[in-house]
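Trainee: Hi! Could you walk me through this one while I have it on screen?

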Amino acid sequence: MNVYLIAMDSWYIVEKLILIGALIGLSFFIAMYTTLAERKIAGWMQDRLGPNRAGPFGIFQPLADGGKLFFKEEITPVSSNRFLFLLGPALAMIVALITSTVIPWGAAYVGETRTVALQVADVDMGILIVFGIVSVGVYGIMIGGWASNNKFSLIAAIRGASQMVSYELPMGLSLIAVLFMTGSLKMSAMVEYQMQHGWNVLYQPLGFLIFFVCALAECNRTPFDLPEAENELNFGYHQEYSSMKLGFYLFAEYINMFVSSAVMATLFFGGYDIPFFDESAWQGSALVLSTLTFAVMMAKVSFFLFLFIWIRWTIPRFRYDQLMNLGWKKLIPLALINMLISAALLLFLNK
Amino acid sequence: MQLTQRAKSVDRSPLTWLESIYLWNILKGMAITLRHMFMKKATIQYPEQQRSFSKVFRGLHVLNRDEAGRENCTACGLCAVACPAEAITMEAAERQTGEEHLYREEKYAAKYEINMLRCIFCGLCEEACPKDAIYLSQTVAPANYARKGFIYSKNELLIPHPITEREAYVKALGDRQPAHSTNPVK
């Protein structure tokens, strides 16, 4: 009996280790190809073709870009703080990778002897962990900007910090309305709730809109890319960075995009739920169902990634006062009203 | 004062609350970019596809030959005089007996050089030439690693032989069909 349990546990660890490895690989893969998609879509929207020389349709372009970054000379400014200078991009990358652990990527594979959940950790406070780790992400920017010992970088770091703090508030408030409905912080429970009751975006369109705008701000994406404002701050917090340290910052941004797309898909668009189809009625093999649900999840994520890119190549950057006005004077009141109305409605309907 | 009928006055009234969340205008902008995604692309895939030059394009110089393949140039030096950038140098020589198949007239250019770094491709040499011996083709001067590579000698400038290298000759002529036999052959 005991031997069986130990065997069970070691398998459990192996299974989780494989999942973690797959997740990191997936994050890097998606981030790489988001850079290609970004450049391609930017090209199309500007009546160009985009990169198409490295391999068919330019599919090896990210490899070429990554290789270039690896072989570039690494420069550390003389008067920078060396330890913090290294910590900045490392922190940005680590934080970006950690968040994906609590997201359910597909329906659990139910085998004859064991069930394998496509989720590294199904913790009770799932979404709070995402929030907690994402807010650590701002330290990557702040430390990097500070350690560079450069005024532009410092201004950018401060901007980034204030922007993140300002936009986490409406993000959390819009999330509360969702939590009223699902009644759980657990990511898997949220997906199950949406499978039964329909996607949250149908009941919380305003909440989703606020959440989406805040996600843009949290990822430092246009129109909220003030920390790396190319034309006014010379690339801001990563101005002094070169080689793979710069690559880590840029990659972390794309991984953040990927993870926040996954979070939005999970919270508002039913996660891995296949639309107009009841998963519990599935008769075929469990492996196919897991693969299908994973594919659906990736389709939703891809849609959000496209939305991110689409917005980036449409609108210019906000001015700093516009950013703050939008955050504090528009989004927070809207999110509060949304929260109050949904609370009142839920109370009324439950009676 | 109204300068044009199409002038629009700028609306400087403060944004209404709905305008100040920017949403509607952002959606309008996104519709525009989405439309552009499916429009015809302006890109020309350079090495494979090339834009055709205009008929009056003034590119790299060519020293012309007549139908029998004899060099037109008589080294009169009018092109060098006309050249505002002073890019052309030449040395004249006298045709010996037995060289009639090489040069059309008694005098020819033994040395003929154009410095492409000095040249401004104005085409005045072509206009000055009384013998239809030089014209500007529809190609550009290719890049080079050294300055001396841009000083084109006579060998590089001469058009391919019209009889022995017919294809290359026609290609080098391009859209320019020089007016043949305006100068009687002596």
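Predicted model: local features only at pLDDT ≥ 70, side-chain atom pairs only at ≥ 80, totals over all residues.

Trainee: Great. At what angle do α10 and α11 of chain A pack?

Mentor: Helix α10 (residues 243–268) and helix α11 (residues 286–312) of chain A pack at about 120°, and their axes are 8 Å apart. Axes here are lines fitted to C-alpha atoms, for helices over the stretch in contact, with angles from 0 to 180 degrees between N-to-C directions. Helices (H or I, at least four residues) and strands (E, at least two) are DSSP runs, numbered from the N terminus.

Trainee: What do we call that arrangement of α10(A) and α11(A)?

Mentor: α10(A) and α11(A) are oblique to each other. Angles under 35 degrees count as roughly parallel, over 145 as roughly antiparallel, 65 to 115 as roughly perpendicular and the rest as oblique.

Trainee: And which residues make the contact?

Mentor: From α10(A) there are A:Met257, A:Phe258, A:Ser261, A:Ala262, A:Met264 and A:Ala265, and from α11(A) there are A:Met297, A:Lys300, A:Val301, A:Phe304, A:Leu305 and A:Phe308. Two residues are in contact if their C-beta atoms, placed from the backbone, lie within 7 Å. By class, this contact has ten nonpolar, one polar and one charged residues. Ala, Val, Leu, Ile, Met, Phe, Trp, Tyr, Cys and Pro count as nonpolar, Asp, Glu, Lys and Arg as charged, and the others, Gly among them, as polar.

Trainee: Which residues of α11(A) are buried?

Mentor: Among them are A:Met297, A:Lys300, A:Val301, A:Phe304, A:Leu305 and A:Phe308. A residue is buried if 20 or more other C-beta atoms lie within 10 Å of its own, exposed if 12 or fewer, and partly exposed in between.

Trainee: How does α8(A) sit against α10(A)?

Mentor: α8(A) and α10(A) are roughly antiparallel, packing at about 165° with axes 11 Å apart. A:Phe208, A:Phe211, A:Phe212, A:Ala215 and A:Glu218 in α8(A) meet A:Ser260, A:Met264 and A:Phe268 in α10(A). Those residues divide into six nonpolar, one polar and one charged.

Trainee: Switching topic: how many residues of chain A are in contact with chain B?

Mentor: Eleven residues of chain A are in contact with twelve of chain B. On the chain A side, α1 (2–45) and α11 are the elements that give two or more residues. That side has seven nonpolar, one polar and three charged residues.

Trainee: What does B:Thr33 touch there?

Mentor: Leaving aside neighbours within four places in sequence, B:Thr33 is in contact with A:Met45, A:Trp310, A:Trp313 and A:Thr314. B:Thr33 lies in helix α2 (residues 23–37) of chain B and counts as partly exposed, with 19 C-beta neighbours inside 10 Å.

Trainee: Last one: what's the phi of A:Asn220?

Mentor: Phi of A:Asn220 is near 55°, a positive value in a residue other than glycine. Most residues other than glycine have a negative phi. A:Asn220 lies in the loop between α8 (205–218) and α9 (230–233) of chain A, and counts as buried with 25 C-beta neighbours inside 10 Å.

Technical notes: Residues numbered from 1 in each chain as written. Chains lettered and ligands numbered in written order.
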